[in-house]
Amino acid sequence: MWHGQHGRAFWDTAAGRQILTLDLIFRKISEAQQSFINTAAQRGIHLACPPGCGSCCHGFMPDVLPVEADYIAYFLLSHEAHTTGEPVLAYDAFSVRAEDNPSPCPFHDPERPGHNCRIYEARPLVCRLFGFSSTQTKTGRTVYRLCRHMPTPPGLRERILSEEALLQRIGATPPLMGSFAMELLAIDPSRASERRPLSESLPSALARIAGTLHYCPDEPNAA
Ligand code: SF4
């Protein structure tokens with residue numbers, strides 16, 4: 001786990017506790033998505049992004065809450081090769097700003113093998129949910145839409161599935177986007193209105209987390 005690298009003092013701060021809470025929520029999302037994918041696979045329906053796709057990042061800059069920016073800032077600052085004590089250097093070391101990059105997001109790297117995201121482990125909520133989450137209609141009905149870049153897997157006729165169709169064909173529903181969005185808002189309701197584009201939020205988050213880490217040196221015997 002990348003968040004095990006600092007001593008307990010950091011995790012006792014408000015920022016540290018919020019990062020840990022967000023980490024738990026992100027793990028819950030991964031488990032719910034994996035369970036949905038596995039249940040579908042047991043019925044012979046293989047749901048997966050096309051290899052090396054990354055199209056969901058094209059022309060897209062995620063909006064993030066302050067706690068998501070803090071989470072990414074901590075990820076950047078805690079990576080050994082980039083731990084310079086200078087937040088701006090850590091950000092520059094990770095960001096890619098090639099002119100022909102189809103994404104405005106500073107962390108999208110179309111040349112990167114595997115995931116095109118250079119902060120994949122720390123990516124924001126919206127990036128995690130894309131392709132493997134359900135939404136609710138105005139009447140409160142759950143619906144799952146296959147990403148337009150995802151081929152229709154054998155065994156599935158529709159590309160838009162109601163909850164009834166999901167339960168009938170797959171036997172499970174993917175995590176509901178709205179309920180996880182609410183869980184994130186509940187981490188720090190006082191900053192719920194401060195959702196900003198990632199590139200705008202990150203510089204202040206880096207300064208905030210770097211400052212907190214500065215006053216929380218590693219504790220040699222911390223768990
Ligand atoms: S944070 Fe990562 S997954 Fe999200 S838009 Fe940027 S490159 Fe894509």
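Two residues are in contact if their C-beta atoms, placed from the backbone, lie within 7 Å. The model is predicted. Its protein chain has a mean pLDDT of 88, with 87% of residues at 70 or more. Helix 3 packs with helix 8, and helix 3 also crosses helix 2.

**Helix 3 and helix 8**
- Helix 3 spans residues 66–78 and helix 8 spans residues 198–214.
- Their axes lie 8 Å apart, at an angle of about 60°. That angle makes helix 3 oblique to helix 8.
- The crossing of these two helices is right-handed.
- Helix 3 contributes P66, A69, D70, I72, A73, Y74, L76 and L77 to the contact. Helix 8 meets them with S201, L202, A205, L206, R208, I209, A210 and L213.
- The residues of this contact are 13 nonpolar, one polar and two charged.

**Helix 2 and helix 3**
- The axes of helix 2 (residues 14–42) and helix 3 come within 9 Å and cross at roughly 95°. Helix 2 is therefore roughly perpendicular to helix 3.
- A15, Q18, I19 and L22 in helix 2 meet V67, E68, D70, Y71 and Y74 in helix 3.
- This contact has six nonpolar, one polar and two charged residues.

**Ligand shell**
- C57, F60, P62, C105, F107, H108, C117, I119, R123, P124 and C127 surround the ligand.
- By class, the shell has nine nonpolar residues, one polar and one charged.

**Confidence**
- Strand 1 (residues 63–64) has the highest confidence in the protein chain, at 98.
- Helix 4 (residues 87–94) has the lowest, at a mean of 55.

Methods. Residues are numbered from 1 along each chain as its sequence is written. This is a predicted model: local features need pLDDT of at least 70, side-chain atom pairs count only at pLDDT 80 or more; totals for chains, interfaces and linings use all residues. Axes are lines fitted to C-alpha atoms, for helices over the stretch in contact, and angles run from 0 to 180 degrees between N-to-C directions. Helices (H or I, at least four residues) and strands (E, at least two) are DSSP runs, numbered from the N terminus. Angles under 35 degrees count as roughly parallel, over 145 as roughly antiparallel, 65 to 115 as roughly perpendicular and the rest as oblique. A crossing is left-handed if the near helix is turned anticlockwise from the far one by less than a right angle, and right-handed if clockwise. Ala, Val, Leu, Ile, Met, Phe, Trp, Tyr, Cys and Pro count as nonpolar, Asp, Glu, Lys and Arg as charged, and the others, Gly among them, as polar. pLDDT is the predictor's confidence in each residue, from 0 to 100. A residue is near a molecule or strand if its C-beta atom, placed from the backbone, lies within 6 Å of it.
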